[in-house]
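Visitor: Please show me the model, and let us then discuss its side-chain contacts.

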Amino acid sequence: MAFPRPRPARPELPRQRVQTLQCGQGAVRAARFNADGNYCLTCGSDKTLKLWNPHKGTALRTYQGHGYEVLDAAGSFDNSQICSGGADKAVALWDVTTGQVVRKYRGHAGKVNCVQFNEEATVIVSGSIDSTVRCWDCRSRRPDPIQVLDEAKDGISSVKLSAHEILTGSVDGRVRRYDLRTGQLFSDYIGSPITSVCFSKDGQCVLAASLDSTLRLLDKDTGELLGEYTGHRSTTYRLDCVLNEQDTHVGCASEDGHVYFWDLLEGSLALSLPVGQGVVQSLAFHPRLPCLLVATQGQVTLWREDTFQPE
């Protein structure tokens with residue numbers, strides 16, 4: 001006789017503030033965990049990037065090389081490299097240990113809103129206000145991109161990658177998914193300018209945040225609308241949306257100083273987290289833990305679940 005497996009523990013949401021990083025970078029435009037969630041990057045309006053251990057609250061390194069504010073950054077899978085994009089229209093590739101710019105890619109005609117590595121960190125994918133997504137080969141010396149995706153009719157606000165797909169959100173109100181294996185483009189019309197997109201962890205769904213103060217969950221393959229989540233305020237700024245580490249809740253930054261989480265299936269509001277005054281600039285969810293990074297104005301706060309005991 002087989003015993004029934006124990007029910008998995010109810011997922012916890014981050015509710016207690018455990019660290020505050022005073023970044024000293026002007027306004028923090030983006031905060032991003034690295035691949036394993038042990039470190040994070042912050043992008044400043046003072047043209048710098050900083051690497052932190054957010055769990056201990058320690059700054060590890062500052063990276064200088066952009067000519068204008070840094071808008072997004074990402075770490076490679078092995079933590080040896082960083083890519084970043086900025087309002088100087090440039091995409092930079094950095095060596096983590098030396099702090100030097102290894103290569104700078106110029107080709108965008110406007111500020112670079114979002115950057116991502118592919119899985120092997122051989123290609124950087126960047127999205128710009130110039131309505132294009134550009135793919136840069138990190139290993140070659142070629143100054144021009146290996147591919148330009150120019151189907152969008154307005155600025156690209158968000159880019160995410162899976163093993164064989166590029167997901168983009170654009171101000172023209174469309175979520176586009178490029179399947180690199182089949183060479184196909186899938187497009188879903190939301191109707192309101194999109195500020196952020198992301199894949200669910202299981203790769204079945206796409207989450208999109210837009211300027212009509214609504215989060216939408218779409219079936220990746222059919223484009224069917226699976227859920228709508230409202231209650232936050234998003235009308236002006238480019239705000240991030242996230243899924244928690246277990247795909248049970250969707251979250252979004254808000255212009256009212258809160259972060260909101262909804263139950264993915266029920267659609268009910270599960271948590272309204274009062275973070276601070278003013279707009280929540282950026283959000284990042286830890287890949288494995290109920291742990292959240294939140295950027296507001298010049299600081300980043302780290303939030304953990306109620307049962308978490310700081311050392």
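Guide: Let us begin with D221, which is exposed because its relative accessible area is 54%; exposed means over 50%, buried under 20%, and partly exposed in between (1.4 Å probe, protein chains only). This is a predicted model, in which local features need pLDDT of at least 70 and side-chain atom pairs count only at pLDDT 80 or more, while totals for chains, interfaces and linings use all residues. Residues are numbered from 1 along each chain as its sequence is written, and side-chain values use heavy atoms, with hydrogens and water left out.

Visitor: With which residue does D221 form a salt bridge whose closest N and O atoms are 3.9 Å apart?

Guide: A salt bridge requires a side-chain nitrogen of Lys or Arg within 4 Å of a carboxyl oxygen of Asp or Glu. The closest N and O atoms here are 3.9 Å apart, and the partner of D221 is R177.

Visitor: How many residues apart in sequence are the parts that R177 and D221 tie together?

Guide: Strands are DSSP runs of E with at least two residues, numbered from the N terminus. R177 lies in strand β16, whereas D221 lies in the loop between β20 (214-219) and β21 (225-230), so the separation in sequence is 44 residues.

Visitor: Is D137, at 18% relative accessibility, buried or exposed?

Guide: D137 meets R139 in a salt bridge of 3.8 Å, N to O. R139 counts as exposed at 64% relative accessibility. At 18%, D137 counts as buried.

Visitor: How many aromatic pairs does the structure hold?

Guide: Rings of Phe, Tyr and Trp (its six-membered ring) pair if their centres lie within 6.5 Å; planes under 30 degrees apart count as stacked, over 60 as edge-to-face and the rest as tilted. By that criterion, the number of aromatic pairs is five.

Visitor: What kind of pair do the rings of Y63 and W94 form?

Guide: Their centres are 5.7 Å apart and their planes lie at 70°, so the pair is edge-to-face.

Methods. Helices (H or I, at least four residues) and strands (E, at least two) are DSSP runs, numbered from the N terminus.
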